[in-house]
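Subject: Structure handover

Hello,

Here is the structure I promised to pass on. Please open it before you read the notes below.

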Amino acid sequence: MKLFIDFEEMTRVFARADGQGRQQLYEHETYELLSALGSESVPEYLLFTRNQRLTSDALVPFLGDKVVLKVSSPDVVHKSDMEGVAVVPKMAGKVRSGSRRMVDRVSDRYAQFIHTRPNHAPDEYRDLDAAEIRERVNKRIQGVLIVQYLPPESDALGNELLVSLRWTRELGMVITAGLGGTDTELYADRFRLGQAVVSASTALVSGEAFFDLFKHTIAYEKCAGLTRGNARLVSDEQLLECFGAFIAVGNYFSPLNPDAPYVIDELEVNPFALVDYEMVPLDGLCRFSKPFRLKKARGVLQMDRLLHPESIAIVGVSGSKMNFGRQILQNIKMAGFDPGKITIVSPRADTIDGVRCVRELSMIQSVDLLVIAVSAAHVPDLIDDIIEHNRAQSVILIPGGMGETESSRERALKMIEKIQSSQDEGPVFLGGNCLGLISRPGLLDTFFVPESCAPKRRETPFSKTALISQSGAFALVRMTEQILGDPAYVVTVGNQMDLTIGDFINCFADAPDIGIIYVYAEGFNDLDGLHACRGIRRAVKNGKEVIIYKSGRTPEGKLATSGHTASVAGDYMVCISCLSQAGALVTESHEDFQGLLNLAPLLHEKRISGHRIAGMSPAGFEAVGIADSLQASDSGLELSEFSPGTIRSISDLFDTSGLSDIMDIRNPLDLTPAARDHVYIGAMEALFEDDNVDSIVMSVGTLAPGTLGKPSGPDGPGFSAGEGSLVCRLPDLVRSSDKPVVLFNDAGKAHQAVQDYIEGEGVPVYPSCSRAMALLAAYTSYRLRIKNLAGGDKNR
């Protein structure tokens, strides 16, 4: 689609304001900017400054018998809240009197606002008393903007549209669109995520792709006349052109554009009034700044040395007691790394635990990995020496006290500056305040936690997964709860002084030994959210899955925001939206993350073909629960209709088992407690062959007296099961099926031993049918969603 953007004119508007020492446009300048952006319906306007005389002739271009007055001030953004908007008759006298009244009222209201909320006061109003604040507010009011009055076609929800650009620290330039008007925050609060507004990174989305996102909002339903009794308000082509223009402008005035003359911090139109197939920008604001330099991505070679080192040095190992450094040494040896390729820096010892020591760091030359486990006070000098003398290709900074507290922030900033100055040729740094990493392929374990507290399953094959965590404790707990074996890699990034979450997502996106990347993120470094999104997109295209839990849902302080966008599309909402659009499955809780940590590896190689499920249980309440769970969420799961072949196969099973008179064949299969193991197994095998069934959700069956697997009582080994029992066959049946089979066991503590046995065989068992179905629904929807990104592989 052809766009009509005049970037030179937009630059002139910014330059004029910049020349006057301002980095925020007045509203009439925002109208100029929107005209240059390509908006064809900017309303008639006139700036009536305080040193002008208004005549009737000046009002002739305004149609109708009314005009809108808006205060023009560099400080007052939410004009309506300060009585800075009024509709008056189109008469010179009424406009003059209305303007003078508005200036006085805004001066009073805004002065009172600042006086009672000093933390939100602009710098110009600091340390002033109430009278001085009022005087300064009044002097800084430029005048009143006279704007064409546009009577609304309707006051109904959805006749006004919000469209904005906002530069975000984590994700760069973000476009947002949705329900607009003075109640836009209310709509965003009351509707589910993605219904009132949608957001996306302009660096990752096209106008067409963003329009596809927007089509799922209530705003689009109103625009397109899809709601009952309403006509279309604007064409799809107009929306596409609007979104395309905003995205192009966002990418042009962005630090990601090396030739950008300025950076748009925020450009918001709220609302675009939708009138007679026109999008009229009624209110607009714009803040901008000068371009700035961006951090470079880290080198892949050094990261490979970090994950797969051939030589290691450790600073901070005690020869007389068990400290963090010595525990790290023991864990590295237990991981299988050759002790002959480890060097300890110790001023007194010759060897510690059979490993060679050197007296000082100057005796270390360019090892692949250097682990620092000393107090934070010693770290700055060590970093200087490491960088200046090329001591290592990669460094792990274990100690805390490097930026996580106010008192340590200055020290951390100086270290970060030193590290960044060496990024072209220097080593990569992981941490500080981290556990380091575990690399099963690299025979490496720098966690300082004793084996007794966090036992590793070193004797079993590792899973094709990588876990990236900002929290060491979170990684430790999640890792030990993974059923299918320890992850191939566990990386704790800590304070992200150098290497970031995004760096490791990009690293594992191309790793041939990784199928699933798990991420726990509390916050991204500057632009690292965008870096992470690009890595997620590449990982998914390479056939991998990315599952993320993003913490930090604290509501943004709305009073501290200038426009509406930061309130309706706050950092958390924008972040999870962009991560999802890039191709990640973003979970809503720790529990969901943990559930998928075990389910996804089991289903990663399975064929995911749709949402049709079959349920099976020996207990009526479980069968009912399966059906009820379909209504308890918007998962999209539905009960399948069994094929004639499946019905015949199960009917034959019932006939030969004498069950035909007491059981019906319907979905979910409510099998009688008298059914034997072969009935369950035969029914499963029939469902495996049914093309109408995409997935199976079933109970492990230990509530059925007719099966061989039963709890053996408090004094027994836990459970008993004869050869060929359902319990003993289940793990192999689940693994052999090319369809997802998800198990649950809602039978109580007495049956826990059965669950432990099945999970010991690498198959997760969930505590209820609703839990199992919620996780299956999330995973199924995710796999179907990313199929196109992954190249449409029909086997995935």
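What follows is a short tour of the findings, starting with confidence.

This is a predicted model. The chain averages a pLDDT of 88. Of the residues, 92% score at least 70. One stretch needs care: over residues 555-569 the pLDDT is below 50. That stretch still has 47 contacts in the model beyond near neighbours in sequence. Where pLDDT is low, the predicted coordinates should not be read in detail.

Strand β13 covers residues 342-345. I342 and I344 point one way from the strand, while T343 and V345 point the other way. β13 pairs with β12 (residues 312-315) in the parallel sense, over 4 bridges. Within that pairing, I312 has I342 as its bridge partner. To get from β12 to β13, the chain passes through helix α10 (residues 324-334). This β-α-β crossover is right-handed. β13 also runs parallel to β15 (residues 355-358), joined by 2 bridges. There, V345 is partnered with V358.

Now the nonpolar cores. In soluble globular proteins, nonpolar side chains tend to be buried together. Here the largest nonpolar core has 144 residues. L430, F504, F508 and L743 have the most contacts inside it. Helix α24 (residues 769-786) gives this core its largest share, 9 residues. Leaving out residues up to four places away in sequence, F504 touches M303, L306, L307, L430, I468, V491, V493 and L499. Another core, of 56 residues, lies apart from the largest one. Its members include V163, A177, V198 and F210.

The backbone has some details to check. Two peptide bonds are listed here as cis. One runs from N270 to P271, with omega near 10°. P271 lies in strand β9 (residues 263-275). The other runs from N667 to P668, with omega near 5°. P668 sits in the loop between α20 (644-657) and β28 (669-670).

Positive phi values turn up in residues other than glycine. D276 has a phi of about 50°. It is in the loop between β9 and β10 (278-281). D276 counts as exposed, at 58% relative accessibility. For L443, phi is near 55°. L443 is in the loop between β19 (437-439) and β20 (444-445). L443 is partly exposed, with a relative accessible area of 39%.

Last, the charged pairs. The count comes to 40 salt bridges. E29 and R16 form one of them, at 4.0 Å from N to O. E29 lies in helix α2 (residues 27-37) and R16 in helix α1 (residues 7-19), so this pair ties together parts 13 residues apart in sequence. E29 is buried, at 3% relative accessibility. R16 is partly exposed, at 35%.

R169 and D526 form another, with the closest N and O atoms 3.1 Å apart. What does this pair tie together? R169 is in the loop between β6 (160-168) and β7 (172-179), and D526 is in the loop between β23 (516-521) and α15 (528-541), so the linked parts are 357 residues apart in sequence. D526 is exposed, at 56%, and R169 is partly exposed, at 45%.

E451 bridges to K456 at 3.8 Å. K456 counts as buried, at 8% relative accessibility. Finally, salt bridges that share partners join R16, R22, E29 and E32 into one network.

Best wishes

Terms used
Residues are numbered from 1 along each chain as its sequence is written. This is a predicted model: local features need pLDDT of at least 70, side-chain atom pairs count only at pLDDT 80 or more; totals for chains, interfaces and linings use all residues. Side-chain values use heavy atoms; hydrogens and water are left out. Buried means under 20% relative accessible area, exposed over 50%, partly exposed in between (1.4 Å probe, protein chains only). Two strands pair if DSSP finds at least two bridges between them. A crossover is right-handed if, with the strands pointing away from the viewer, the path from the first strand over the helix to the second runs clockwise. A nonpolar core is a set of buried Ala, Val, Leu, Ile, Met, Phe, Trp, Tyr and Cys residues joined through side-chain atoms within 4.5 Å. Contact means heavy atoms within 4.5 Å. pLDDT is the predictor's confidence in each residue, from 0 to 100. A salt bridge is a side-chain nitrogen of Lys or Arg within 4 Å of a carboxyl oxygen of Asp or Glu.
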